[in-house]
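Colleague: I am new to this one. Please show it to me, and I will ask how you know what you say.

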Amino acid sequence: MEKSVGQDTDFFGVKAVESADLFGATIKVIHIVDNITQIVALVKYRLAALGQSSHPFHPKVFKLTTQLWYAVFVVPQPQLDASSALPIYRQLYAHFSGLIQTGQMAKGERLPATRELAGTLGLNRTTVAAAYELLESGGFITGQVGRGSFVAVQHPATGSHLLDWTDMLQRSAPALQPPAPGPQLREGVSFATSRPSEQLFPLDALRASCEEVMAGSDFAHILQLGSPSGYEPLRRYLLDAARAENLAAPDDDLIVTNGCQQSLDLLGRVLLRPGDKVVVEDPVYPGLKSLFQAAGAQLIGVPVGADGVEIDQLQAALDHERPRLIVVTSNFQNPTGATLPVGARSALLRAAQAAGVPLVENDAYGDLRYSGEDLPPIKQSTDAGHVILLRSFSKITFPGLRVGWVLGPRALIARLAQSKQLADLHTDQLSQAVLLRFAESGRMAAHRAHMLQAGAERLAAVLAACDRYLPAGSRFTRPRGGMNLWVRLPEPLDAGELLARAHRENVSYLPGKYFAVSRFDPGSLRLSFAGLTPDEIRKGLATLGTIFSNELERTRSNAAMEPAPAMV
Ligand SMILES: Cc1ncc(COP(=O)(O)O)c(C=O)c1O
């Protein structure tokens, strides 16, 4: 819509702001536009006429004055669709990120307050807050306590050929995801990422492995394009190891991937269609949740207790939901650290077999047991082809090298290889060859022994520090391996709200909302301890303990001061 009106400064309820004299001209005509293409076209046209190539324009009111124009830019209201599969908070996120990316909201501009916007749109305030959090984690806005949220970046509008990226990206608006892991905090303590410590990387041993690979006769071949199934010597090594562990059935095969994350992605691509139901743990690893949600799958969350996913509830989900796939983590589940006992493993396998549903056993952490006996994987050579086993070198060696694998029925592995070829041709062969050399030389076993010792110390430190520093009434899991434990703070503490305070004290963790499928406890949070030294763990938990205890004290004394309700 573009309208020329007279010299009025008040039209359709929009007040034109103070008169402009950027170029010292009088204003006689006002143009109202309600879409970005029109205003950009106007801007380009007028600037060309003025012999200028750029001009900072404000999204709400744009002033051009030499030819007596006002262009009022009306920021569009979000068009929300309650019947869409995309949750409302993600639609709001797409709306605002689009406005920012297309330059319709400029750096420094204030977003409406959550309460105000929720009122205008008839939404719950937490929905708006979730959208703002997503915008903040994407770097679009920054929140300032007590002042509101402001656009953090400037995306210049680029002219009349501007693509409507809001619309283009609408289909793939991301789910609520934790911020991607960055460099380790220099001074602070981050419990936020499930990864090994760089300080434990055996750099000399890896250097030796690299040099041996580069000096080998196979080096040129490694640098050539390879097979989507993986670097054949590594593939054979892993398959032989699986056979030696009695995991591979005669009709099984193996594909090398870029880690468990890609294995899950490829499985989603070949097994799922939008609308398919997938049974997952609740809480669950966010990388799985976001991935399958983006693929349009419907996640059926089954609660995770001290002994892993609850089998009775999983059976009920199989009976009532008729899912297409089940995904569980048998050892040291992320985020809870829980491990499925042997009996539950057998029960799970029987349930999957009886229901005729494939079971993905994600074993990203199985190599990291610090005490007790290793438990047999659910995947056994005797299984009739129901179990698909995912493993990875990420947690036990170097997550940056991105090498994992899938063991499962040959027909499935062949389809995964086709899908992998479409995705990225194949996993980087230098990483595969170096990790193979690292393993065959015995260096990986030596490194693992070191990791287990360091992991045991770190686990002991985090458990002792939780006992010592968390406020009374807190509960936490006691894993025997892996990288994570799960904390539930006493009511009414909200781990999401308290995170900002922890950040101000240079400590970080991930609140439970990132892991929730359909059950959310605001007091829950994940502590990833493996990347920190015992001293850092104690220091970080002492800080968190003080924050949590002070807040608990404050809420309790506030509650005590509230007048008792009248007895009527
Ligand atoms: C449960 C789970 N699955 C998969 C992954 C991704 O692992 P990878 O680095 O092998 O892709 C992680 C990483 O944190 C994880 O915790």
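Colleague: What makes the shell around the ligand polar, nonpolar or charged?

Modeller: The model is predicted. In it, the shell residues divide into ten polar, four nonpolar and no charged. Asp, Glu, Lys and Arg count as charged, and the shell has none of that class.

Colleague: Which residues come nearest to the ligand?

Modeller: There are 14 residues around the ligand. Gly259, Gln261, Asn334, Ser392 and Ser394 come nearest.

Colleague: Now helix H6. How do you know that the distance between its ends agrees with its length?

Modeller: Helix H6 covers residues 203-215, which is 13 residues. The expected span takes 1.5 Å times one less than the number of residues, so H6 should span 18 Å. Its end C-alpha atoms are 18 Å apart, and therefore the two agree.

Colleague: Which residues of H6 are buried?

Modeller: Leu206, Ser209 and Val213 are buried. To be called buried, a residue needs 20 or more other C-beta atoms within 10 Å of its own.

Colleague: Why do you say that the buried residues line one face of H6?

Modeller: Look down the helix axis. The buried residues of H6 fall within an arc of 60°, so they line one face. On the other side, Leu203, Asp204, Arg207, Glu211 and Ala215 are exposed.

Colleague: What do the buried residues of H6 pack against?

Modeller: They pack against helices H7 (219-223), H14 (429-440) and H15 (443-469).

Colleague: And how many helices and strands are in the protein chain?

Modeller: The protein chain has 17 helices and 22 strands. Of its 568 residues, 40% count as buried.

Conventions
Residues numbered from 1 in each chain as written. Predicted model: local features only at pLDDT ≥ 70, side-chain atom pairs only at ≥ 80, totals over all residues. Near = placed C-beta within 6 Å. Helix = DSSP H or I, 4+ residues; strand = E, 2+ residues; numbered from the N terminus. Buried ≥ 20, exposed ≤ 12 C-beta atoms within 10 Å, placed from the backbone. Arc of directions from axis to C-beta. Contact = placed C-beta atoms within 7 Å.
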